[in-house]
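Take a look at the sequence and the 3D structure below. This briefing covers strand pairing, hairpins and contacts of aromatic rings.

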Amino acid sequence: MVYVKSTGLYSDIGKKARDLLYKDYQGDHKFTLTTYTSNGVSITSTGLKKGDLLFADISTQLKHKNITTDVKIDVNSKVQTTFTIDEPAPGVKAIISFNAPDPKSGKVELQYFHEHAGISTSLGLTAKPVINFSGVAGTQNISFGTDVSFDTASGNFTKYNAGFSFTNADLIASLILNDKGETLTTSYFHTVSPLSNTAVGAEFTHNFSTKENTLNIGTQHLLDPLTAVKARVNNYGKASALIQHEFRPKSLITVSGEVDTRAIEKSAKIGLALALKP
């Protein structure tokens, strides 16, 4: 497995705040069951009820030496296959993925982890592919990064973003310029108590074209070693909360809800997620 004390990848900029504010919040009903065969293959079945629609898929994962193979099949017979190769060279991870029956979905990605840099580059397996490059450089405390996509078919850059991150013992702050400079996002994550995993975070987004501002503020806390609670609110008056309990090792039940404080007469959205592992 690739492990280098690195600055991380571009996708890691602001990730702590995003996880606090958005991860595990569920507005629908989701059920996940994972089992393991005698030779170590994991099989995961997932069902999701989203309004009146039902979705389901089955995924398997097989690990052999430094190669991990993931295969996912959904109810529409679409097959997603991913091969992950850890350390074909020092500090390198290679990822090959494709979706059947789409012949244009193939992609190869290489990630490189260094003490002062993290680089990810991907290439579509087509005659005129989209090339993606992202990189982060700096230290464990301060890092700068960029994320760029170039479409060889049109000869245009389809994406160019930039980000900055500052980290110390209990605080992480980031600033990201997205959508070709149209959107500015700043985020903040502060660990209040490591023992109870208590933290607060915020994310502010400004769109320069529409002048629209969005602010999300949230917190998390462990009631006991097996039970976590989270809450968040945004500047549009929507408040959400969840409670997650590990009722057996690696098996979780999560109940979440959202209410519009500006329209209390509307019914609250309640979500339920159940994940079972042996």
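The points below go topic by topic. Keep in mind that this is a predicted model.

- Strand E8 covers residues 117-124, and strand E9 covers residues 130-138. The two run antiparallel and are joined by seven bridges.
- Look across from Ser-122 and you find Asn-132 in E9.
- The link from E8 to E9 is a hairpin of five residues.
- E9 also pairs with strand E10, residues 142-151. This pairing is antiparallel too, with nine bridges.
- Three residues lie between E9 and E10, and the two strands form a hairpin.

- Strand E16 spans residues 227-234, and strand E17 spans residues 238-248. Seven bridges hold this antiparallel pair.
- Opposite Val-233 stands Ala-239 in E17.
- E16 and E17 make a hairpin with three residues between them. Gly-237 sits in that turn and has a positive phi of about 90 degrees.
- E17 pairs with strand E18, residues 251-260, in the antiparallel sense. Here there are 10 bridges.
- Lys-238 has Asp-260 in E18 as its bridge partner.
- The hairpin of E17 and E18 has two residues between the strands. In its turn, Lys-250 has a positive phi of about 70 degrees.

**Aromatic pairs**

- How many aromatic pairs does a search of the whole structure find? The search finds three.
- One involves Phe-144 and Phe-164, with ring centres 5.1 Å apart. The planes meet at 45 degrees, so this pair is tilted. The tilted class lies between stacked, under 30 degrees, and edge-to-face, over 60.
- Phe-144 belongs to strand E10, while Phe-164 belongs to strand E11, residues 156-167. The pair therefore ties together parts that are 20 residues apart in sequence.
- Is Phe-144 buried or exposed? Phe-144 counts as exposed because its relative accessibility is 53%, and the cut-off for exposed is over 50%.
- Phe-164 has a relative accessible area of 29%, so this residue is partly exposed.

**A charge over a ring**

- Which ring lies under the charged end of Arg-232? The ring belongs to Tyr-25.
- The charged end of Arg-232 is 4.1 Å from the centre of that ring.

Definitions and conventions: Residues numbered from 1 in each chain as written. Predicted model: local features only at pLDDT ≥ 70, side-chain atom pairs only at ≥ 80, totals over all residues. Heavy atoms only, no water. Pairing = 2+ DSSP bridges. Helix = DSSP H or I, 4+ residues; strand = E, 2+ residues; numbered from the N terminus. Phe/Tyr/Trp six-rings, centres within 6.5 Å; stacked < 30°, edge-to-face > 60°. Buried < 20%, exposed > 50% of the residue type's maximum accessible area, 1.4 Å probe, protein only. Lys NZ or Arg CZ within 6 Å of the ring centre and 35° of its normal.
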